[in-house]
Amino acid sequence: MEFSSRARQKHLRLAGDRRELYPHSLQFYLEPPTESISLVEFESFAIDRLKLLKVVENLGVSYVRSTDSYKTKLENELRKLKFPYRALAEDDYEARRKDHISHFILRLAYCQSEDLRRWFLQQEMDLFRYRFSQLTDGLMQKFLEHVNLSFEAVSEDLKTELANELCASTPGLSLPKVKEQMFYKVGLADAVDLFRTRRVFVKDGFAYVPFKEIDAIVLNNYRTKLSKALALTARSLPSIQSDERLQPLLNHLSHSYIGPDYSVQKNTGKISLEQIDSLSVKSFPLCMRQLHKALRDSHHLRHGGRMQYGLFLKGIGLTLEQALEFWKKEFIRGKVDADKFDKGYAYSIRHSYGKEGKRTDYTPYSCMKIIMSNPPSQGDYHGCPFRHSDPELLKQKLQSYKIPPSGITQILELVKGMHYQLACQKYFELTHEVDDIGFSLNHPNQYFTESQRLLSGGREPKKELSTSGNSQQKNNNQESVNLNSTPTSSDTTADTELEGLEAYFTED
Amino acid sequence: MAPFEPAALPELLPVFYRRLFPHGPYGRWLGYGGVVKNYFQLREFSFTLRDDVYVRFQSFSSPQELERELQKINPYKIDIGAVYSHRPNQHNTVHLGAFQPQEKELVFDIDMTDYDDVRTCCSSADICSKCWTLMTIAVRVIDRALTEDLGMRHRLWVYSGRRGVHCWVCDDAVRKWSPALRAATVEYLTLVKGGADTVKKVNLSYPVHPFIRRSVAVVEKYFEEYALVGQDILGSPESWDKVLALVPEEHREALQGEFPRRKDSVQRWEVLRGRMERTRGRGAAPCYADWEIMLQFCFPRLDINVSKGVGHLLKSPFSVHPKTGRISVPLDLQTLDQFDPFAVPTITSLCHELDTAGSDGEQEDVGEMEPKRRARDYKRTSLAPYVRVFEQFVEGMESARRGERLRRSDIQGDF
């Protein structure tokens, strides 16, 4: 039967009717795609889906899933990244194709370890749950039939007979609601969670599930299938990893930061050294604020701290000359004399600006890199405070920065759940007094740029999600945020931005 | 009846396995009609031998071979494990990770020690006729749920030989259940939660699930006799204080005041129950403390680890209990209320019965004795009724299989 439908599909494809390939906007991803695809499309599809899943993760932590804000934001993201969403439920072949292919590519990248699998499974399930909930009743029925999950509906007579039992067993369902809703007889194996927690009526080996809980059943089914598939994929991975074209991309996908790398400085020279102290309080992410303070206090930083902070400063626009001056002035206050500085530390600063040795222009570290590599030890101040600080100490630090207690609690919750970047986003929201950060944080320099933009009035703090995700692209194209009180010859897109910013900084 | 001496086991076990153990029905049970190829051969058995020597992954090519081996090895104890992907006795030849348990009966183990927090008559391994009622209640509650709620047909309840009962659910579909589904079943059947630190172990809220309601109805039948008369849980201020600790504060004072004025547990319970029932009638803030108390004192406690794992080994029916000498006999649900664990035959008493019963004695005249007569020797002893229960259970499954075959051939049209 499968055979003939595939043959039929192939025939239809040749015949030009592509819609039959994807009869529904939703699917269980049971069959891998079989067409040929360019490496460019391969990569861009994968990256887009990864962005989508990161947004799903972000939203899942910041909002309750059933609320309108969650739904609207997620729908916007789907639309923006050209994945299937509600309005296009009937005819969106391209989006469905992208959905299909990108899912399978990410499977390759995310099957490789227990942690990756768990993350992927969680986000895919949340995404599925949302898209399923958006289907109309008619489409839902059709989809259930399509995936062979059309459970036997309970007849009206039987339902009347069992009405009281159904009402008592199913939380949230009053007698009138029981009468109007459809119930289905589902095998216990398909309704494990509802069965286990006694949230359904059970009789004769079947669970009597109301229509509104069918999504839990479907989700359970999807999770089981995807979990098995991921385990299977992991086993066949060695053969895929041997393909040289795919190997780097797949590694990149599961570990990397995706976005601008702040290596090309379009805004060099816009910051003066005198501004750094106040900038560190207003616009630096916590990790850099911490490093700056440690540097000021001890007049020294060890290697890890110098790299992380030094490259960050380069990313926000410090020129090599400024950097040399900055570090030297500070280190001289400590135990280092001018000569020693010039001989040792200066070299390494020039090196990181690409002026020595290999002449690689080192890129500022992304959050992923800071969180996952080179953890700090005693005497170090680098790393991610949300990841590497003891929660008690983190709490004290936030208190000393006058973060409100409720905000601190939220941050600590996120830290406990290992959502370090989301904790930093919360820190941004609290220090900038906005409800919604408006973008997905992946890079300390991104934090800085966004902060500057917000403070200069270049962005409305409570805007809709249209800025999220896009902000990374915008950063690339964004010309300048002129921070220097003396205008330089760089191009500015918004003079009003400039003025506002100048006024802001001259106040200090 | 001569008392059981563990030291006598080496003498008694050979007699037991030759003349008392019901090899016939036992083999028919585990063969499951030969429907699935090699089902019996892939089954794991484990034996406990003399001096606590324990051997796992025993398997046999037929029930006849099992019988011969039992008579040769004379194990102190037999455990039944899962049906595996390969013959268990060859598991070392199989590639690591490929040897996996595939199917097994769904089993439950209810142990009296888990009720120590609510028993006053005994503790740990001890049981008495007063607290045995708890097992009766447990079997009734669980069996009702297994049949009515979960639709299970072929259940074998067995006395464990000392202080508890086991249940073997043998339906074809259930033997294939995943660990997750087995664990979910135990959760569905669990109402008593909490350890030594928890005072109130049962908490109910409106609306009450039918499973709970029906379980309470079963418990109610036994509660007065067991808890109020037998255990006398409201008999004195110390004991009724423990019970009142489970009642919400707003009702406690009134009851504290009323209790001394009543003459016994039965009357006091009536006061408590009546009060709770009235809150439910009014509908404003229904209180289920009376149900919660009944459940905390009587509802079965299940060990999830026994039920969850497909590979978990459990003591076989008709195995001898090494400490008490009692045989793990099947329970007849029709006469469950009259079951007396102290009347269960021990291996000593059975052998004694054989001696007095006939001229065969303990001579091992292998040539002379007819296998048929030897195999049916149990019929001359008090083991007979228990074997009958077991046979009925096996016959039940066989007739169900026949019915299924007929149904299928009807559908397919072969005759």
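Author: Buried area is the accessible area, taken with a 1.4 Å probe, that two parts lose on being put together, summed over both. The model shown here is predicted.

Reader: How much area is buried between chain B and chain A?

Author: The two chains bury about 1,500 Å² between them, and carbon and sulfur atoms give 58% of that area. On the side of chain B, the residues that lose the most area to chain A are B:Leu181, B:Tyr188 and B:His209, which together account for 32% of what that side buries.

Reader: And how many residues are in contact?

Author: In chain B, 23 residues are in contact with 17 residues of chain A.

Reader: How many salt bridges are there between the chains?

Author: There are four salt bridges between chain B and chain A. One of them joins B:Arg153 to A:Asp204, with the closest N and O atoms 3.3 Å apart. The count of residue pairs in polar contact between the chains, both at pLDDT 80 or more, is 11.

Reader: Which elements of chain B give two or more residues to that side?

Author: They are helix H4 (129–149), helix H6 (179–188) and helix H7 (210–230) of chain B. The largest share, six residues, comes from H6(B). By type, the residues on the side of chain B that touches chain A are 12 nonpolar, five polar and six charged.

Reader: Turning to chain A, how many helices and strands are there?

Author: Chain A has 25 helices and four strands. Of its 508 residues, 50% count as buried. The accessible surface of chain A comes to about 24,800 Å², with 51% belonging to carbon and sulfur atoms.

Methods
Residues numbered from 1 in each chain as written. Chains lettered and ligands numbered in written order. Predicted model: local features only at pLDDT ≥ 70, side-chain atom pairs only at ≥ 80, totals over all residues. Heavy atoms only, no water. Contact = heavy atoms within 4.5 Å. Salt bridge = Lys/Arg side-chain N within 4 Å of Asp/Glu carboxyl O. Polar contact = N/O pair within 3.5 Å; in protein donor to acceptor, adjacent residues only side chain to side chain. Nonpolar A, V, L, I, M, F, W, Y, C, P; charged D, E, K, R; others polar. Buried < 20%, exposed > 50% of the residue type's maximum accessible area, 1.4 Å probe, protein only. Areas by Shrake-Rupley, 256 points an atom, 1.4 Å probe, with all protein chains shown as cover.
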